[in-house]
Amino acid sequence: MFRRISALIAIGAIGMAMTGCGSDGDTGASSAPGGGDKLVMGFSQVGAESGWRTANTKSVQESAAAAGIELKFSDAQQKQENQIKAIRSYIQQKVDVIAFSPVVESGWDPVLNEAKRANIPVILTDRAVDSADTSLYKTFLGSDFVEEGRKAGQWLVEQYKDKTDPVTIVELQGTTGSAPANDRKAGFQEVIGSDPKFKIAASQTGDFTRAKGKEVMEAFLKSTPNIDVLFAHNDDMGLGAIEAIEGAGKVPGKDIVIITIDAVKDGMQALADGKINYIVECSPLLGPQLMDLAQKVVKGEQVPARVVTEETTFTQEQAKAVLAERKY
Ligand code: GYE
């Protein structure tokens, strides 16, 4: 109740700020739709670490153009300090709305409080923050990463249901401290943890990149004998790992069962080729919903606190069937 009231007050304040800026002819600031000018969004992207991210950036840029929203875009190169700088600069520029995909979960309260004091609404997209104060942002649009980890675990449990021998698993984690790395790990562990035959023998970050995935998998192959399964938190790390596995004279998808998350084109191709065994989809096409939420938030309309993306899973056969019409 209190939150709703303060949200309404905040929305009212934004409305007043905008009317004010329209009437006193402040050209440095933007004004709301209806005030004539374009809605201005400051967007701080994580980086360009993966195929998923490239598709996400494209979706945001294309959707902004289609919605007539002026997009100020910055790439943080996977560094939180760069994102904080970008957000501060958007506050200074008095954009209408700030959207960002936080590289890690913690450490956002000071800058989000600055945005709040400036009456600029913030939308979290793709990744979450762990702030206790949920009034620091209007909504969070993105996937349920815990559920993605669970789906990966459920497939594995099903595959090995008739076996009793220990199953040696290695895990390539996403960026340390990021929501998808924390949550995918937790969801996967929750499901496989109920059967003691599943053992995660090694688990390390590959930072969501192909190069790091390859490097860490090379180390796993040296340190861990008889790896049965690789769980990679995204396709790119899985694709890097495939190179390492082939380099070690093993057959990916056969000698080592591979599960990844994302379902970007290159991942789906490897799945159809039999080098990956199962992919949990994570949709990067958040642009249209993000622009819609931004327009509503700026107008002071109520939006749901959480918007979850719809996703599916793919086996090798399913990948073959849909590969041709995959958009990203
Ligand atoms: O899975 C990975 C990317 O945050 C969901 O980030 C996103 C993740 C995605 O680098 O490929």
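This is a predicted model: local features need pLDDT of at least 70, side-chain atom pairs count only at pLDDT 80 or more; totals for chains, interfaces and linings use all residues.
Visitor: What makes Phe43 and Phe73 a stacked pair?

Guide: Two values decide it. Ring centres must lie within 6.5 Å, and those of Phe43 and Phe73 are 5.8 Å apart. Planes must be under 30 degrees apart to count as stacked. Here they stand at 10°, so the pair is stacked.

Visitor: Why is this pair said to tie parts together?

Guide: Phe43 lies in strand β1, residues 40-45. Phe73 lies in strand β2, residues 70-75. The parts are 30 residues apart in sequence, so the pair ties them together.

Visitor: Is Phe43 called buried or exposed, and why?

Guide: Buried means under 20% relative accessible area. Phe43 has 0%, so Phe43 is buried.

Visitor: And why is Phe73 called partly exposed?

Guide: Partly exposed covers the range between buried, under 20%, and exposed, over 50%. Phe73 has 30%, so Phe73 is partly exposed.

Visitor: What makes Tyr160 and Phe198 an edge-to-face pair?

Guide: Their ring centres are 6.2 Å apart, and the limit is 6.5 Å. Planes over 60 degrees apart count as edge-to-face. These planes stand at 85°, so the pair is edge-to-face.

Visitor: Which parts does that pair tie together?

Guide: Tyr160 lies in the loop between α5 (145-159) and β6 (167-173). Phe198 lies in strand β7, residues 198-205. These parts are 38 residues apart in sequence. Both Tyr160 and Phe198 are buried.

Visitor: Now the ligand. Which residues come nearest?

Guide: There are 13 residues around the ligand. Of these, Glu49, Asp126, Arg127, Asn234 and Asp262 come nearest.

Visitor: How much of the ligand does the protein bury?

Guide: The protein buries 100% of the 300 Å² that the ligand exposes when taken alone. The ligand sits in the largest cavity.

Visitor: Which helices each supply at least two residues of the shell around the ligand?

Guide: α2 (51-67) and α6 (179-192) do.

Visitor: What makes the phi of Asn119 worth a look?

Guide: Most residues other than glycine have a negative phi. Asn119 is not a glycine, yet its phi is positive, near 60°. Asn119 sits in the loop between α4 (109-117) and β4 (122-125). At 29% relative accessibility, Asn119 counts as partly exposed.

Visitor: What is the phi of Ala263?

Guide: Ala263 has a positive phi of about 70°, although it is not a glycine. Ala263 lies in the loop between β9 (257-262) and α9 (265-272).

Visitor: Why does Ala263 count as buried?

Guide: The cut-off is under 20%. Ala263 has 0% relative accessibility, so Ala263 counts as buried.

Visitor: Where is Asp75, and why is it called partly exposed?

Guide: Asp75 is found in strand β2. The range runs between under 20% and over 50%. Asp75 has 37%, so Asp75 counts as partly exposed. Asp75 and Ser44 are 31 residues apart in sequence. In space they are 6.2 Å apart, C-alpha to C-alpha.

How values were computed
Residues are numbered from 1 along each chain as its sequence is written. Side-chain values use heavy atoms; hydrogens and water are left out. Rings of Phe, Tyr and Trp (its six-membered ring) pair if their centres lie within 6.5 Å; planes under 30 degrees apart count as stacked, over 60 as edge-to-face and the rest as tilted. Helices (H or I, at least four residues) and strands (E, at least two) are DSSP runs, numbered from the N terminus. Buried means under 20% relative accessible area, exposed over 50%, partly exposed in between (1.4 Å probe, protein chains only). A residue is near a molecule or strand if one of its heavy atoms lies within 4 Å of it. Accessible areas come from the Shrake-Rupley method with a 1.4 Å probe; for residues, only the protein chains shown count as cover. On a 1 Å grid over the protein atoms alone, a cavity is a set of points where a 1.4 Å probe fits but cannot get out, and a pocket is an open set with protein on both sides within 12 Å along at least five of seven lines; lining residues have an atom within 4 Å of a point. A molecule sits in a cavity or pocket if more than half of its atoms lie within 2 Å of its grid points.
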